[in-house]
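I am keeping these notes while I look through one structure, and I write down each thing as I look it up.

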Amino acid sequence: MGKGFYISKTVGIVAVILGAGALAAIIALSVVYSQEKAKNNNNNNVLPTDGGTTLTPPVTPAPSSELWDKYRLPKSLVPHYYNVTLWPRLTADPATGLYIFTGQSTVEFECAEETDVILIHSNKLNYTRQNSHLATLTSVNPVVTAPSVKSSWLQNVTQYLVLQLDGKLAKGEMYILHTDFTGELADDLGGFYRSEYIEDGVKKVVATTQMQPTDARKAFPCFDEPAMKAVFYITLIHDSGTVALSNSEEKESSSVTLDGLSVQKTVFHPTKKMSTYLLAFIVSDFSFISNTIDGVLIRIFARKPAIAAKQGEYALNITGPILKFFEKYYNSSYPLPKSDQIALPDFNAGAMENWGLITYRETALLYDEAFSSNSNKERIATIISHELAHMWFGNLVTLRWWNDLWLNEGFASYVEYLGAHEAEPDWNVKDLIVLSDIHRVFAVDALASSHPLSSKEEDIQKPAQISELFDAISYSKGASVLRMLSDFLTEDVFTMGLTTYLAEFAFGNAVYKDLWNHLQMAVNASDMQLPDTVHNIMNTWVLQMGFPVVTINTNTGSIAQQHFLLDPDSEGIPPSPFKYTWIVPIKWMKTGVEQTPQWLEKESTTNDAMKISGSDWLLANLNVVGYYRVNYDQGNWDRLLNCLSTSHQLIPVLNRAQLVDDAFNLARAKIIPTVLALNTTKYLNNERDYIPWQSSMNNLEFFYLMFDRSEVYGPMQDYLRKQVTPLFEYYKNMTGNWSKVPDGHMDHVHIIPSSPKFYFNDSMVIQVQPYVHHLWNIKLLKMSSFFSIHPNLRAIMYCNAIAAGGAEEWEFAWLQFKNASIATEAEKLRSAMACTKQPWLLNRYLEYTLDPNMIRKQDATSTIVYIANNVIGQSLAWDFVRAQWSYIFHQYGGGSFSFSNLINGVTKRFSTEFELQQLKQFKADNAQVGFGSGTLAVDQSIERTIANIKWVAENKENVLDWFKAETKSK
Ligand code: BES
Ligand code: ZN
C-alpha cells in the first residue's frame, strides 16, 4: 500500500469515479488482510532473531505455573535507571519497504528478592545477540559477579524477554542489563510509530510514541508497569534539520557519524522518577511557538504550515493560565521545567498526558479563527486542561495498578472543567459536565450489564483487560462521583486532602484508598459533620455498579432510594455488597429557596420539612451535583411543571435540564408515564438556555431514532418546530435578522447546528441564509462563498449541501477534505460526507475507511459512526462492521473510546427482534476475535435493543396521540 495520506487530485478523481465495486473491495481486503495477518504472525513469532540469522529453538508453551506465563511482573527486580538510545529511520528501507528503528538500552535494577530469572517486558522487538544471548548482564558492584545467562528467549504471549541465569541474583545488589534491538516504526498508532503527512507536495514522516497503557515495551525492553518508576536517560539519533523531543529538556545536541551517516545526536536531561507509560520520544521537522511563565518553558509544536498559520496560538495562550490554576488548586508547583504540547497528524486517542511532552491529535490542539467552531475551541480548552491536570494527578502520583484507572481518568475528567473555566471564565464550561459526563454515563450505568467503578487488581491482567477499562464508567462516572464528593466535602476540604495526598506520594504510587485517607484527614481537621467516613460513603458509589433513583413524596415527607434500571425486567443483576443502597447527599430547595441538605443513608427515611402544601414545589439534587435521579409524587411533578411553564428561571438551569432527563428516563424505566416526560418539554417555548435545550434534544433524539421511519415522525417534527420557533425568533432578533454572530459562547452557535434535522423547516433555513452569506446550493458552495460560511455553521451547512446533492457534490467535498489546511475543517467535511442520501456513495465511503490512504486509521471508526448516524447509512454501516469486524479490530487498535463508540453508534437505532438476533449473532460469531475496549458496548447494545423493542411496542400509540394533540390544539 502506498504510504502517503494525501493522494494526488487526478488519482483521487479516478479512484472516486471508478469506485471499487463491493466485490473488488472484498477481494482486495482479503488480500491485504492475509498479508497483514502474515506480518503479525511474524512479528509475534516467539523466535528471537538477530537480523534473521540465529534463532533460538522455540519454547513450548509452559504450563501457567512458570513465572513468564504470568502477565504481572514478579516483585524480585526493581529498576532504578534506564539509559536508552533510539534511532528511528524516517525513510523506508529500500530492500524491505519497512520503516524501522534501532536502539540500545541499559537498565540498572536492584534485586529485591533472590531470583535466577530476569523478566522484562518486550513486544515486537528483535534483538541482536551478544555472546549468543539476547542481552548481557553485569553487576554494578565490582566485587559482586553477575551470574551468566543460561538461556534467553522472547515469551510472546505475555510479552517478555526472559533470561534464565545459571546462578541467583543477590538480594540488595544492583545489576545492569544491556540490549541491542530493532523494531518496526509501523503506522499502527502504538508504541514507537510513524505518522505521515504531505507538505508542499512532499511526504513527511514523524516518529512518535503512544505508550499508555502497555506499549512502552514495543519501543524498548522495560519493566512496563506503572509502579516500576525509574529515572530515564534518553538519547535520540535523528537527521540534522529535524527536531528531537522527549519528556525532559535537551541537554546537548551534536553531529556524529554513525554507520557512515552524519546524524544528529540529542541527549536529554534525566527525567524525574516516572512510569514507563508516560514516556514520549518524537522526531519531526515541526516548528514551535513558546513562552515562559514563572520559569516554566511552554511550547506548542505542530507541522510548519500550521504554526505559520498561527494555529498554535490559542493553545499557547491558555496553557499558562491553566497550569497556574492547577498549581493553585493542588497547592503544588508544576513538577517539571518545561511543558511541551505537540499536534500529530496521526494519533489514536484525543490526547496523551506524557509527562512534559503531551501529544494530541490535531483537532484537539490546533485552532484557527477562520475555520474552527466554538465547539472546536471548547474541546481544545477542556482537553488541554484534562492533560495538564494529569501532570500531577497521574504523573507525579501514579495509581499502583490499572484497576484504579477510573480514579486517574475520572479525576482528570472532573477537574478539566475547573481548569477550562479558568481559561474561559465567560463560557460556563463547568455546567457542561452534566451533559457530557453525567447524562452520558447515566445511560450505560442504568443497564444490568454495567460494572462497578473499581475493579480488583487480580482481575486486570492482560493488556486487553487493561484497555477495556478506558470506558465511560471510568471517565464519566469517575468524574461525576468525584464532583459529588468535592461538593459535599466543600472544595476547600477536598483540595486540602488532595494536596497532602500529592505531597505524600510524589514520585511514587498510591491506591484509591490513599486518597480517601487524605480526604478523611482533611475532614477531621475541619469542623464538618458527615454521616459516615469518606471511605464508607464512597464505597457505596465505587464498589457497586449503577446509581439510585431517589423518590420524594411531598405528601408524607418520605424519601426512598432504589437501584435505577432502565429496563425494570432486566435479569442477572449481580449481588452487591451494599444491596444497591447508597449513602446519598441530597441538596434541595423549596419553591426557589435552598434548604438544609439531607443525607439518605438507608433504603428510606422521612423528613417532615419535605412535606409540602399549597402551590409550593420541592426540587432535589440541586445543580445536579449528586450522581442519582429523582422522582416525586404526581402532585409535586405537576407543581414543578407549572413552575416551568410560568417562571422557569426559579429552577436552576442545570435542574431544568435534569428534570427533562430524569422524566424521560423514569418513563423509559416505566416508573412514570411517558406523557409526563413529554410534558416536561412543553415549557421549552420559553427556554433560551443551551443546556436544557440540549438535554431535551438528546432525549427526543431517542424518539427520533425509534420513530423516524414511522408515522410518528411527522407530528413529532411539527411539535418540535412549534417549540423551537420562539427560540428561533429570539436569535433572529439578537443577530439583527441573522446579520451578525451572537456574542455568548453558548448562544445559538451551539443550539442551532446541533439537531436542526428535527425542527427546522425550509423557510427557517432560508431565513438563516443571510447570516451565513450562503445558499444551500452546491454550485455556490463551490465558489468562494464556501469559505464565508461562519465556522459554527459549517458542519451543518456542509452536511445539508451534501445531503441535497449527488456524486458531484460529494466529490467536491472529498477534494476539499483532502486539501484542508486545518484538521478541524477536514473533520467537518469528513462528517458531512456521511450525510449523502446515495447508498452507493455511503458504501464507497465505508470502504474508504479501510484504506489509510483515503481515511487515516485514527479516523476510521468515527467515520463509520458518522455514516451510521445517517438513517440511510445505518444498515449499510452495520452490515459493513459485521463483515469487516476482524479486520477492523486488528487494524484499528483501541483508541480511547473508538470501539465502544463504533458498536454503540452502529446499533443505537436497533428496536426490532430481527436486529436483536443479528446483534446476538454478531457477538457469537466474533467471540474468538474479541471486542477489546468495545466488549461492554456489545452487551450494552443487546440490552438496549431489548429495552427499545419493548418501549416502542408499549409507547408508539400514546406518543403519536400526544404529538398530534399538542400540535392540533394550539
Ligand atoms: N490517558 C488518556 C489517553 C489514552 C486513552 C491513552 C486511552 C490510552 C488509551 C488521556 O488522558 C485522555 O483521557 N484523553 C481523552 C481526552 C479527555 C478530554 C477525555 C481522549 O483521548 O479522548
Ligand atoms: Zn486522561
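I began with a term: a residue is called buried under 20% relative accessible area, exposed over 50% and partly exposed in between, with a 1.4 Å probe and protein chains only. This is a predicted model, in which local features need pLDDT of at least 70, side-chain atom pairs count only at pLDDT 80 or more, and totals for chains, interfaces and linings use all residues. Residues are numbered from 1 along each chain as its sequence is written, and side-chain values use heavy atoms, with hydrogens and water left out.

**Zinc site**

I looked up the donors, meaning N, O and S atoms within 2.8 Å of the metal (3.2 Å for Na, K and Ca); water is not among the atoms, so sites may look incomplete. The zinc ion (ligand 2) is held by His386 (NE2), His390 (NE2) and Glu409 (OE) at 1.9 to 2.1 Å, and the spacing of these donor residues in sequence reads H-x3-H-x18-E. I then checked the two histidines: His386 and His390 are both buried, and they lie four residues apart in helix α5 (residues 374-390), about one turn of the helix. Helices here are DSSP runs (H or I, at least four residues), numbered from the N terminus.

**Glu387**

The unreviewed UniProt entry places the feature "active site" at Glu387; such annotations may be inferred rather than shown by experiment. I found Glu387 in helix α5 as well, and Glu387 counts as buried because its relative accessibility is 4%. Taking contact as heavy atoms within 4.5 Å, I noted that Glu387 touches Ala351, Met352, Glu353, Ile358 and Tyr360, leaving aside residues up to four places away in sequence.

Definitions and conventions:
Chains lettered and ligands numbered in written order. Helix = DSSP H or I, 4+ residues; strand = E, 2+ residues; numbered from the N terminus.
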